[in-house]
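Here is a friendly tour of one protein model, written for someone who likes cut-offs stated openly. Have the viewer ready and follow along.

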Amino acid sequence: MTSATAVLREMRWWDIDPVLELEHELFPDDAWSAGMFWSELAHSRGAQATRRYVVAEDPGTDRIVGYAGLAAAGDLADVQTIGVTRDHWGGGLGSELLTDLLKHATDFECAEVLLEVRVDNTRAQKLYERFGFEPIGFRRGYYQPGNVDALVMRLHLHEEVPEHVPEPGPELVQETGTD
């Protein structure tokens with residue numbers, strides 16, 4: 001899958017260091033450790049794979065500009081992480097990463113996808129809502145050490161995941177009211 005700004009590919013062990021740099025830039029208070037990424041990647045290959053991790057590379061520089069991960073267990077998947085460099089915000093890369101994860105949740109034969117998102121991350125919440133995720137509860141103090149609550153969201157998967165969900169624009173605004 002490609003966009004004008006990035007090429008998606010499976011994350012490999014040599015991507016951990018650049019992903020960690022981006023992780024610490026985006027989530028300085030609750031960034032993942034190298035060990036967490038190593039552990040996730042250990043379950044992402046082979047016939048018994050239960051994880052999908054992907055990176056987005058800038059085609060001109062090979063710089064990683066985004067990453068995302070999904071874990072599956074039985075008929076339930078969980079979006080583990082999504083991060084996009086600030087200079088790529090608003091360009092649809094987050095949508096492409098999430099679309100990839102949802103396609104793989106379907107491949108893993110999952111019926112539902114869950115995720116946690118910081119209650120103060122409205123940008124991400126809006127992305128998830130555009131894909132049909134609905135809030136189902138909170139996890140108090142989930143993000144540490146800042147003691148920030150997480151909003152838990154769920155998506156019921158259907159037979160088909162869209163190839164790409166467009167960014168909101170004037171064509172997506174539906175007016176309500178009476179004449």
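Trp 13 is exposed, its relative accessible area being 51%. The classes used here are buried for under 20% relative accessible area, exposed for over 50%, and partly exposed in between, with a 1.4 Å probe and protein chains only. You will find Trp 13 in the loop between β1 (7–10) and α1 (16–26). Helices (H or I, at least four residues) and strands (E, at least two) are DSSP runs, numbered from the N terminus.

Together with Trp 14 and Trp 38, Trp 13 makes a nonpolar surface patch of about 410 Å². Patches are built from residues with over 30% relative accessible area and no salt bridge, joining like charges within 9 Å and nonpolar side chains (Val, Leu, Ile, Met, Phe, Trp, Tyr) within 5 Å. Areas come from the Shrake-Rupley method with a 1.4 Å probe, and for residues only the protein chains shown count as cover.

## Ground rules and overall layout

This is a predicted model, in which local features need pLDDT of at least 70 and side-chain atom pairs count only at pLDDT 80 or more, while totals for chains, interfaces and linings use all residues. Residues are numbered from 1 along each chain as its sequence is written, and side-chain values use heavy atoms, leaving out hydrogens and water.

The protein has 4 helices and 7 strands, in the order β-α-α-β-β-β-α-β-α-β-β from the N terminus on. Of its 179 residues, 46% are buried. The accessible surface comes to about 10100 Å², and carbon and sulfur atoms hold 50% of that. Among contacts (heavy atoms within 4.5 Å) with a separation of 6 or more, 60% join residues 24 or more positions apart.

## Aromatic pairs

How many aromatic pairs does the structure hold? There are 7. Rings of Phe, Tyr and Trp (its six-membered ring) pair if their centres lie within 6.5 Å; planes under 30 degrees apart count as stacked, over 60 as edge-to-face and the rest as tilted. The Trp 13 and Trp 38 rings have centres 6.4 Å apart and planes at 20°, so this pair is stacked. Since Trp 13 sits in the loop between β1 and α1 and Trp 38 in helix α2 (residues 34–41), the pair ties together parts 25 residues apart in sequence. Trp 38 counts as partly exposed, at 46% relative accessibility.

Trp 32 and Tyr 53 make a tilted pair, 6.5 Å centre to centre with 55° between the planes. Trp 32 lies in the loop between α1 and α2 and Tyr 53 in strand β2 (residues 51–57), so they connect parts 21 residues apart in sequence.

In α1, the buried residues are Ile 16, Val 19, Leu 20, Leu 22, Glu 23 and Leu 26. They cover an arc of only 165° around the axis, which puts them on the same side of α1; the arc is that of the directions from the helix axis to the C-beta atoms. Their cover includes α2, β2, β3 (64–73) and β4. Asp 17 and Glu 21 are exposed on the face of α1 turned away from its buried side.

Helix α4 (residues 122–130) buries Ala 124, Gln 125, Leu 127 and Tyr 128. Their arc is only 160°, which places them on the same side of α4. These buried residues pack against β4 (76–84), α3 (93–107), β5 (112–118) and β7 (148–156).

## Salt bridges

Side chains of opposite charge can pair when their charged atoms come close. With a salt bridge taken as a side-chain nitrogen of Lys or Arg within 4 Å of a carboxyl oxygen of Asp or Glu, the whole structure contains 13. Asp 15 bridges to Arg 9, with the closest N and O atoms 2.7 Å apart. Asp 15 is buried at 3% relative accessible area, whereas Arg 9 is partly exposed at 24%. A network of salt bridges links Arg 9, Asp 15 and Glu 57.

Glu 40 and Arg 51 also meet in a salt bridge, 2.7 Å from N to O. This pair links distant parts of the chain, Glu 40 in helix α2 and Arg 51 in strand β2, 11 residues apart. Both Glu 40 and Arg 51 are buried.
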